[in-house]
Amino acid sequence: MSSERTPPLSETLDPPVWDNMPLPIEKLDFEEELMTIAPERTDTSVRRARTATETVERLRVEDISVFYGSKPAVKNVSLSINQGEVLALIGPSGCGKTTLLRTLNRLTELTPNASHSGRILLDGEDTDEIVDTELRRRVSMVFQQPNPFPMSIFDNVGFALREQSRKRPHRRDLQPQVDKALQRAGLYEEVRTDYDRSALRLSGGQQQRLCIARAIAQEPEILLMDEPCSALDPRSTAVIEDLIVQLRQDLAIVIVTHNLQQARRIADRVAFMYLGDLVELGETEQVFTDPEQEQTREYIAGVFG
Amino acid sequence: MASANPLAAPQLSPSRRRRRGRRAPVRSWRARDQALFVIAWTAGAGLCVCAAALVIFFAVQGIQYLHPDLLVTRPSVAATQAMSGGILDPILGTVLLAAIGLLIAAPLGVVSAIWVVEYGRPRWLSRIVESAVEIIAGTPDIVLAIFGLALFELGVFSPFSLAEPGGAFGRSFLNAGIIVSAVALPSVYTATRNGLIATPRQLRESSYALGKTRIATIRRVVLPAVRRDVATGATLGLGRIIGDTAIVVLLLGATLRNQPASNTPFIGLLRGTGSTLTSYVFNNSPAGDGNAPDKAYAAAAVLLLLVVLLNWGVGRIGRIGGPLIHEPSRRLGA
Amino acid sequence: MFERLRRPWSDRRAELVLGAAACLLAVAIAAMIVFIVRGAWPTFQHEGLSWLGSGGNPDAQLGAMENTTSHPPASAFLIHAWPLIYGTVLSAGLAVVLGLAISVATAIFIVEFAPSPVRRVMSPIIRLLAAVPSVLYGLVGILVLVPFTANHIVTQGEKKSVAYVVQLSGGGLAVAVVLLTLMITPIMTALIADALQSVPRPWREGAIALGLNPLRATLAVSVRAIRPAIIAAAGLAAARAVGEAIVISMVSGGVSFSPNPADGTIFWFEPFQSLASEIVRSAEAINAPALHSTLYAFAALLLFSSFVLSLAAYLVKLPLRRYQVSD
């Protein structure tokens, strides 16, 4: 019988400090990483060129405020997320960017005292009206810490696909979808020989790509990423950044990041948040070179962080 | 864009806030999940019902059959239940047995745990000791009782009991107490060991920094820190001793009254035979000699009450006695 | 003399003294094994391993031993204990299977569905059930369940149909299994519920974020992840059920009969005896040498089987470690 007693978090009404999660020591497997063929790093200007000329709005956030108990974590935020673009949420710790991200797929409901006001529209539908399991199939999430399930690689990627259908699908039915997801996530070449290997044996960067494959296996419309590279080494980070740029062709991606350079590298638009407010929203280059708000300028210059 | 002034709270009436949106109702789940939903609720409710039924049953029977004078009268051999006396001897027997058992188990358990955690060299030896405790914990009490019989057959232990005619050994409180301590030992050991492991290293290091030896540190710094764990473990072990029947039935005999072996005070009783609440219940049930269900219920009620009190005590004392099943830090989805 | 003790001890001396006390435990285990095997030796000597098989009625055989005096002839050691072994395995096995199902379901209930106040109450309830002495379960069994079964569940017709072989007195397999299950379920439930809650939160969160409902997430991820803990709990419960002497001796019907599944529903009401309960029953006359070594042989078998159960639980966990980060 367990002998530890952890104080139940539900007793505290303070918003959980998501942005302060300690960075773990990554499980590295350098040899495997070196053996892979990493995609060439493309020029930043070419990277950010949008393929579509018209913008299709996928997600619209209307005047969202999120409360933990009575304390507001996000205050009156409105923005829109378009197909084919990467939106980066930046800001110092505790500014509410992760809370905002988690509101987009209603993951905040896992916290007992969380509530929100305002609306989020996914392709015109109010997300509160969509059944939560359905919503999360259309809006997928990748977390800061790679969290592959304690199963084989195939089972991980096919996990949600299996659980969704009423009848249990055969492995061969899922194979093409699993292959496609792994290809899109850039992991196919490295694991195709052995899908039954335990996912926990992969290196940190590979695990994160596996989580991305798992998230996109259901062909979601929006992909949410909560600091996906903060637990990884620079090489894996580069691989995943290139991946994000490629993925945005089919999806809309919202990424929370602490790393301003990363935001500059991969994002099309940037939203700067501070203490729950959306301070500035605009095209990346414009926000970084000539921000409208004084606070934005100070944050980017590193006056506070 | 809202201003960055943190004091400008959003002007919203609380009624516009929503806690959560639409969720997938149970009805929409797969049939298998729905079935499990029903089974889980049934199992949980069923367990609560059984527990309540058990306690209520013994409470009712106890109120019916447990007269206060039974607690202070000694049992007597008689044909009818009305004449068969009270349960004072079994109560005293239980207390005596528990005392002997704890007096052996507690120091031994604490000392062993200290050695394993604080010293523990050579490593293979400490692993053997850990395995030994696990084996003791996993051994059925009837096997421990047989071991007791075998052990006290030896001539060297003959002063521990009164020799029976025709046999080389006897049954006594001392013999039963020594063996029943094995039932409490794992509880004390595990509790102390976990408590020692949980004390922060800084505690010991600051004592070493002051120049104290290891043993002095243990005595003055570490042991007081694990007092609560030791108490919890001892209480858990006490509960197990009080509830043990097999060892008592085999090593204490079936006499109703406590019979000292000689007239020496106390030592005579240690060497003598008698009964405890558990053996009394067993013997008065149709499974034993006596057929006195009324008295059995009375003793059973006292026994259950003792166990409940001890359990509640464990919950109050300390670290280990916290919620057996933790409140999760967030309730996911319910 | 006490002055020497009162002077501050050196670490070396403390280590030796403490270590000696700890080694006492190892010595005690070794002594236990040695003594029991030694006591059982005559039976092995005279009967070899055939005493584990079947042949004749153990009750009669044990009864015959009670009158033996010292240095009995080899024939006095005759015992075929298979009905007892069968009774032990049957009752414990059924109880573990039933208990495991109930425990997993209850653990899922506690972790998933129970409203907060109910969950807070479950802890003390389970702890209480686990702490109830076995003799009280036995008392409920023998004074309530057995008469109830004899008078209201087993029909007269059924009793007559087997009267020429065995008496259906109400005590038997069903009552014993019910009580054993009730005894082992609380511990298993506590262990499994604890394990469920210590599954790393990111896994569950990840499953929810992929669009699974909470129960599905728990089943697909958490339950799968704690398979080693479930095995361990089952092993622990099995060891407890196999060694339970008092409850069985009170409610099993007291006859060394082998319940026959081919008897249909009567199977559940047939009496049996287990190794442990037989020891309790015959312990009074243990001074008789033949009976002495036979009972010790039973104890040796029980000791051996509790080792095997722990080892089996450990071994079954090993292949499952492949997918675990830690167990």
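In which sense do β3(A) and strand β8 (residues 252-256) of chain A pair, and over how many bridges? The points below take up this strand and then the contacts between domains and chains.

1. This is a predicted model, in which local features need pLDDT of at least 70, side-chain atom pairs count only at pLDDT 80 or more, and totals for chains, interfaces and linings use all residues. Residues are numbered from 1 along each chain as its sequence is written, while chains are lettered from A and ligands numbered from 1 in the order in which they are written.

2. β3(A) pairs with β8(A) in the parallel sense, over 4 bridges; two strands pair if DSSP finds at least two bridges between them. Opposite A:L87 stands A:V254 of β8(A). Strand β9 (residues 269-274) of chain A also pairs with β3(A) in the parallel sense over 4 bridges, and A:V270 in β9(A) is the bridge partner of A:A88. Strands (E, at least two residues) and helices (H or I, at least four) are DSSP runs, numbered from the N terminus.

3. Strand β3 (residues 86-90) of chain A is mostly covered, with 5 of its 5 residues buried. A residue is buried if 20 or more other C-beta atoms, placed from the backbone, lie within 10 Å of its own. In a regular strand the side chains alternate between the two faces of the sheet. Here both faces are covered: A:V86, A:A88 and A:I90 are buried on one side, and A:L87 and A:L89 on the other.

4. Chain B is divided into domain 1 (29-65) and domain 2 (70-317), with bounds that come from an automatic or database domain assignment. The C-alpha centres of these two domains of chain B lie 32 Å apart. Their contact takes 5 residues from domain 1 of chain B and 6 residues from domain 2 of chain B; residues are in contact if their C-beta atoms, placed from the backbone, lie within 7 Å.

5. The contact between chains B and C takes 75 residues from chain B and 78 residues from chain C. On the chain B side, helix α1 (residues 31-65) gives the most, with 15 residues. That side divides into 57 nonpolar, 16 polar and 2 charged residues. Ala, Val, Leu, Ile, Met, Phe, Trp, Tyr, Cys and Pro count as nonpolar, Asp, Glu, Lys and Arg as charged, and the others, Gly among them, as polar.

6. Chain C also touches chain A, with 19 residues of chain C in contact with 22 residues of chain A. The largest share of the chain C side, 5 residues, comes from α9(C).

Terms used: Contact = placed C-beta atoms within 7 Å. Buried ≥ 20, exposed ≤ 12 C-beta atoms within 10 Å, placed from the backbone.
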